[in-house]
Structure formats: structure tokens, C-alpha cells
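Reader: Hi! Could you walk me through this model while I have it open?
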Amino acid sequence: VQLVESGGGLVQPGGSLTLSCTVSGIIFRIYSMGWYRQAPGKQRDLLAIITSSGSTDYADSVKGRFTISRDNAKNTVYLQMNSLKPEDTAVYYCRLEGSSRWGQGTQVTVSS
């Protein structure tokens, strides 16, 4: 099983980014997927989850700004991030929910 994130980078406050996580080695469509982030010196926090049926849930800190979605044909889960703030700066990870499988992480930096 392999999870590969992409799409991170440097963005100005108020800007947008879309992260992708492509999964291989499993029947992707039957699994829930999650996005997490970890800032320096802080714990890794859950941001959003999408179930196999497409139901979603969000942490209060990103609700209304971030959107999780999936494309089962591409074995990919996305995180659309809008209205980014400096406090959103972190390494972002995707996770195969219910497992110990994580991606390698992608850095998001929000700064002017």
C-alpha cells in the first residue's frame, strides 16, 4: 500500500491550494480517507474525513474553508483549501483510515 501526497507549496494569506493523495495497492473505493496536518512542535491533527460513500466531516478549525473530496476512478483523495491563514502552515498528510498507512507529507506554507 502506498500513499503519495502532492500539491503543497508557498501561498499568500487568503490564497488557495489543492492537495492530492494518490493511493495504490488497495481497493481504494471501499476505504475512508483522512487529511491531517502537523505544525512544528505540535501534534498531528485530523482535519477532514471522507467515507467510502462520500460522507464528509471536518474539524472546526477548517470547516467552511477546506473541502475534502475523492475520485475513485483515480484512486485519489483531494483537499481543497481556501482562505488560507498563516496558522494553516504545516506538513499535511493523508491517511488510510483505520490503518497505520500514511503518506509522506507535503509542506504547506502560508506567508506573505
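Author: Happy to. One term to start with: two strands count as paired if DSSP finds at least two bridges between them. Also keep in mind that this is a predicted model. With that in hand, strand 4 (residues 33-38) and strand 9 (residues 90-96) pair in the antiparallel sense, over six bridges.

Reader: Nice. Which residue in strand 9 is the bridge partner of Arg 37?
Author: Tyr 92 is the bridge partner of Arg 37 there.

Reader: And what is the strand order of the six-stranded sheet?
Author: The order is 2-10-9-4-5-6 in an open sheet, and the pairing is mixed. Strand 2 (9-11) and strand 6 (56-58) are the edge strands; each has a single partner strand, so one side of each is left without a neighbour in the sheet. From one strand to the next, the twist averages 25°.

Reader: Okay, what about the sheet of four strands, what order does that have?
Author: That one is an open sheet too, ordered 1-3-8-7, and its pairing is antiparallel. Strand 1 (2-6) and strand 7 (66-71) sit at its edges with a single partner strand each, so one side of each has no neighbour in the sheet. On average, neighbouring strands here are turned by 15° against each other, direction ignored.

Reader: How many bridges hold strand 1 and strand 3 together?
Author: Five bridges, with strand 1 and strand 3 (residues 17-24) pairing in the antiparallel sense. If you want a pair to click on, Leu 3 has Val 23 in strand 3 as its bridge partner.

Reader: Switching topic: how many disulfides does a search of the whole structure find?
Author: One disulfide turns up. Cys 21 is joined to Cys 94, with an S to S distance of 2.0 Å.

Reader: Great. On to charges: how many salt bridges does the structure hold?
Author: Four salt bridges. One of them links the side chains of Arg 65 and Asp 88, at 2.7 Å from N to O. Arg 65 lies in the loop between strand 6 and strand 7, and Asp 88 in the loop between strand 8 (76-81) and strand 9, so this pair ties together parts that are 23 residues apart in sequence.

Reader: Which residues are linked with Arg 65 and Asp 88 in a network of salt bridges?
Author: Arg 37 is linked with Arg 65 and Asp 88 in that network. As for accessibility, Arg 65 is buried, with a relative accessible area of 10%. Asp 88 counts as buried too, at 1% relative accessibility.

Conventions. Residues are numbered from 1 along each chain as its sequence is written. This is a predicted model: local features need pLDDT of at least 70, side-chain atom pairs count only at pLDDT 80 or more; totals for chains, interfaces and linings use all residues. Side-chain values use heavy atoms; hydrogens and water are left out. Helices (H or I, at least four residues) and strands (E, at least two) are DSSP runs, numbered from the N terminus. Axes are lines fitted to C-alpha atoms, for helices over the stretch in contact, and angles run from 0 to 180 degrees between N-to-C directions. Buried means under 20% relative accessible area, exposed over 50%, partly exposed in between (1.4 Å probe, protein chains only). A disulfide is a pair of cysteine sulfur atoms within 2.5 Å.
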